[in-house]
Every structure is written in C-alpha cells, then in structure tokens.
Amino acid sequence: MNFTENTEIIELGNGIYARIHKDLTNSGIIVGDDSVLVIDSLRVPSFAKDLKSDVKKITDKPIKYVVDTHSHWDHSWGNQEFLDSTIIGHDNCYDEMTDPDIIENWRNTLDTSPLWKDADWSAETKIVTVTPPNLTFSNNMTLHVGDHEVVLMYLGKAHTSGDIYIHLPKEDILFTGDVIQKQRIPYLGDGHPKDWPETDSKIVDLGIDNFVPGHGDLGQHIDMVDAKNLIHELISATNTEVQNGRNPEETASLVMDSLKGNYGNWWGFETLSFQIPMVYEKLSK
Ligand SMILES: [Zn+2]
C-alpha cells in the first residue's frame, strides 16, 4: 500500500501497527471494533495529516483516542489535528505542554538549530497551536479498544517528567516513547537523571518481549536491557566525576571513554559530548 514517503507500517498483531518513520518519529495505530487509537501525533500539523491519511488506508474507523507518550514537540505538536479525539497524556505532560517558557524555548531551538531550521516542515513549528492532552492521569489507565486491552502506565520521571508507556498485555507489546530505544542515545536535555535509572529498571522488570520505540527500529527484551544499562552506566559514571570535582567537559570525555566499548556504535553516540554536560548540571544541583 502507498503510505507516506519514508514510512513503513508494520502489523505487529491483529489490528496493531507500528508506523516507523525513517530518521524521524514513530507512531502507533491500534484498530478496535469501531474506533482507532493513535500513539503520538507527530511534530507538526502536516505530519499529523499524513498520519491520519495513512490510518484511513488501513481502516475507515474514526480515531477516537490519541495518546501522547510525552510532551516533546516531535511527538505531540500534531495534536491540533485531532480535536475530535480524546487526547490522553500524563498530568506532567499536560504541565509541560502548557508551560509557555518550555514552548518558547523549543520554538527558538527549532528556529536556530542547524539540525532542523532548514527542514521542509520547520516553518510550521512557528505556527503550531500547541495543544495539550484533554484527559490526563497520574498512575495508570486502561482502555478497551475493541478486544485490545490497552494499559497506559506511568513509572516515574525519565526522559521527561511525564513519560508514559502503552502496554498491550495480550499481544506482549510495549510502546516506549523515547525512554527505551534500540541502540540509540536518547535526548537527555529534559531528562531526570536522579530518577531515570530506577524508572528503566521498572520497565525491564515488566518482562515484555517486544517494544516500539519513539525513534528507530523495533526492539526486543534484550534491547530494553541494553537501553537500561546505558542509562545506568552513563548516569553513574557522570555522578562519579561530579563527586571527583571534574568539570563538565572533562566528565563528558571520561564518561564517553568508559561507554565507548559497549555503546560506541549506537546512533547518536557523538551527541554525548554535549549531552553529558547537561546531565552533569542536573546531577550537581
Ligand atoms: Zn522526546
């Protein structure tokens, strides 16, 4: 079927799809008897419209729910295209998406970053109406989308203050947002390094075999364990150098050396040179 360019839609089970967008942001589609749940609305309205048209190619059922895995722009700034749907997120996701300083910061970063400022969608980020979830929760919530039991879980702060996971217990699948990715270094700048390792341990302990991350390839339990180990090692090594009185740059270089053997070939490893100093700052508070 002809889906949006550079996207691949993989059916993981009856009516459960991962929409993998090459080099960009993934989403999920769960089709029930009479309605559809979408996981992440993507970065700008035109991306959300593409997602909606891909859903239409799979089913003519209406999108009743949108779930935001977390507040980040590339996952949730398409929400304004889903005003007929119930948009669900964590309480903290709502708080982040209604904080004018956070939104302004992202708009400025998107406008100036060499990574993004020249992308064909970047002009849209200036005019997005950032639209927070209209149904929020603090711990967990279960939806029944046709026969699919869909458990939304919050397990503590990690990549942001409001990351949630979408668990399909019968199908043994977890949608992990940006917290757990397969052999990729996540963005750490809005992270909570004092909480993230424990949150990752809780995810691994769920014992789920398959996951759909917010970026990159689908993963399995072993990849979850690897992602958890990276975060544990990175934060513990950074903390050690904070205690040793190193400065942020020395710390970045030492920690990268210690991680290189196991993680040097992961996507984004080189970003640690500017990401570790951000972790350093949070740990030294
Ligand atoms: Zn993110």
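Helix H5 passes helix H6 in a left-handed crossing; a crossing is left-handed if the near helix is turned anticlockwise from the far one by less than a right angle, and right-handed if clockwise. This is a predicted model, in which local features need pLDDT of at least 70, side-chain atom pairs count only at pLDDT 80 or more, and totals for chains, interfaces and linings use all residues. Residues are numbered from 1 along each chain as its sequence is written. Helices (H or I, at least four residues) and strands (E, at least two) are DSSP runs, numbered from the N terminus.

| Pair | Angle | Axes apart |
|---|---|---|
| H5 (196-205) and H6 (221-243) | about 165° | 9 Å |
| H6 and H7 (248-263) | about 150° | 9 Å |

Axes are lines fitted to C-alpha atoms, for helices over the stretch in contact, and angles run from 0 to 180 degrees between N-to-C directions. H5 and H6 are therefore roughly antiparallel to each other, a term for angles over 145 degrees. H6 and H7 are likewise roughly antiparallel, but H6 passes H7 in a right-handed crossing.

Now to the strands. An open sheet of six strands runs in the order S8-S9-S10-S11-S12-S13, with mixed pairing; two strands pair if DSSP finds at least two bridges between them. Strands S8 (140-145) and S13 (219-220) are the edges, each pairing on one side only. Inside the order, S11 (residues 173-177) and S12 (residues 210-213) pair in the parallel sense over four bridges. The bridge partner of Ile-173 in S12 is Asn-210.

Terms used. Parallel < 35°, antiparallel > 145°, perpendicular 65-115°, else oblique.
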